[in-house]
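Q: Please take a close look at the aromatic rings in this model. Which contacts do they make, and which parts of the chain do they bring together?

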Amino acid sequence: ISVVAPTSVAVAQVKYEYPAYTGLSDKTTSDPDVEAPAGTVVAITGISNRPLKEAYLMTDTNERIGMAVNKDKISCRVALINQTEYRIEAVSIDGYGVADPVKYRIRIIRNEPPEIIIIHPACDAVVSEKGRLKIIYSATDAFGIRSIDFNCLSKERKINIAKFSQPVTKSVSEYELMIQDLSLIPGDVVRYRLEATDADPVSGGTGVSEEYIIEVFSYELEH
């Protein structure tokens, strides 16, 4: 009587191919548990204790991905969307399957909207119809900011105040608003805020600051 060891498969390597919006360089690790931002593609390589006929990577979201088989080595690629775990099922050339596949963890790091704060004036302001308003702000994001806009909500008017050819994770700067650029007249009271757009606007969206008010007065009438 001969005892046949059950077919087993182990993950040997995981290569991360990060989406462009993260600004991260690709990396390779031997850790089978996966942790990466949404949109990352992982290339998983495994090895078995015997030559295989077929193998599949199975996820908790009902994906069944065929793996390339080369004797006892297997590989495939999977895009991270909303999975939380995966396992590998395989059958050897002599018909033995994996009895109890190991389940590996997938943790997807969500791309949150940027955070933007108005440092100055950080309060409502009264400005002359021909005056200027200096706005100092700070914007941060884990993966990168593509642009920053001044949004005059009352006028439904946006002005781009910063645009980055390469996404930045932090920007502390200032913008000088010319009241005349908004076509405001004495007596106008408008609400505004700043908006920071993620390098990947689909997954990261847009972060907004607190809203403040600008009240316009006439310098000539007041003097």
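**Rings, charges and the sheet**

A: K27 lies over the face of Y16, at 5.3 Å from the ring centre. The model is predicted.

Y21 belongs to the loop between β1 and β2, while F143 is in strand β13 (residues 132–152), so the pair ties together parts 122 residues apart in sequence. Y21 and F143 are both buried.

Another pair, F150 with Y192, is stacked, at 5.3 Å centre to centre and 20° between the planes. F150 is in strand β13 and Y192 in strand β15 (residues 189–198), so parts 42 residues apart in sequence are tied together. F150 and Y192 are buried as well. Ring pairs join F150 and Y192 with Y175 and Y212 in a cluster.

As for the sheet, 5 strands form an open one in the order β2-β1-β4-β8-β7, with antiparallel pairing. β2 (27–29) and β7 (68–70) are at the edges with a single partner strand each, so one side of each has no neighbour in the sheet. The twist from one strand to the next averages 20°. Within the sheet, β1 (residues 9–17) and β4 (residues 41–48) run antiparallel and are joined by 8 bridges.

Conventions. Residues numbered from 1 in each chain as written. Predicted model: local features only at pLDDT ≥ 70, side-chain atom pairs only at ≥ 80, totals over all residues. Heavy atoms only, no water. Pairing = 2+ DSSP bridges. Helix = DSSP H or I, 4+ residues; strand = E, 2+ residues; numbered from the N terminus. Axes fitted to C-alpha atoms, helices over the stretch in contact; angles between N-to-C directions. Buried < 20%, exposed > 50% of the residue type's maximum accessible area, 1.4 Å probe, protein only. Phe/Tyr/Trp six-rings, centres within 6.5 Å; stacked < 30°, edge-to-face > 60°. Lys NZ or Arg CZ within 6 Å of the ring centre and 35° of its normal.
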